[in-house]
Amino acid sequence: TPVDEGVVATFFNALRRNIRIFHVHPTTGRQIQVSGSIPPGRSGRLIVNPKDVLIAYDGYGVAVKKFLVNADHGGKMDFSVEL
């Protein structure tokens with residue numbers, strides 16, 4: 001059912017270095033890695049939840065960009081990771 005199927009989030013890496021995506025826990029702020037390494041020029045796809053906050057980090061552990069999932073369950077979002 002659409003109520004619990006999540007949101008398909010696609011992250012395109014427009015940088016010249018690998019990135020990884022982390023989820024930020026809404027109450028504790030703890031960050032958990034939710035993707036493998038996404039090489040430059042490639043995309044990674046994740047199933048996330050509405051209102052999730054996600055952060056892209058580069059291979060050096062530098063936070064590059066923060067994203068908010070503002071689609072409903074069953075929706076799709078495309079994010080570009082660039083400076």
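Four aromatic pairs turn up in this predicted model, where rings of Phe, Tyr and Trp (its six-membered ring) pair if their centres lie within 6.5 Å, and planes under 30 degrees apart count as stacked, over 60 as edge-to-face and the rest as tilted. One of them is the stacked pair of Phe11 and Phe79, at 5.0 Å centre to centre with 25° between the planes. Phe11 sits in strand β1 and Phe79 in strand β7 (residues 76-81), so this pair ties together parts that are 68 residues apart in sequence. Strands (E, at least two residues) are DSSP runs, numbered from the N terminus. Both Phe11 and Phe79 are buried, a word that here means under 20% relative accessible area, with exposed over 50% and partly exposed in between (1.4 Å probe, protein chains only). Ring pairs also join Phe11 and Phe79 with Phe67 in a cluster.

Now turn to Phe22 and Tyr57. Their ring centres are 5.1 Å apart and their planes stand at 75°, so this pair is edge-to-face. Phe22 belongs to strand β2 and Tyr57 to strand β5, so the contact ties together parts 35 residues apart in sequence. Phe22 is buried at 14% relative accessibility, and Tyr57 is buried at 15%.

The whole structure holds one salt bridge, meaning a side-chain nitrogen of Lys or Arg within 4 Å of a carboxyl oxygen of Asp or Glu. Its partners are Asp58 and Arg17, at 2.8 Å from N to O. Asp58 is in strand β5 (residues 53-58) and Arg17 in the loop between β1 (7-13) and β2 (19-24), 41 residues apart. Asp58 is buried at 2%, while Arg17 is partly exposed at 28%.

Residues are numbered from 1 along each chain as its sequence is written, and side-chain values use heavy atoms, leaving out hydrogens and water. As this is a predicted model, local features need pLDDT of at least 70 and side-chain atom pairs count only at pLDDT 80 or more, whereas totals for chains, interfaces and linings use all residues.

Conventions:
Helices (H or I, at least four residues) and strands (E, at least two) are DSSP runs, numbered from the N terminus.
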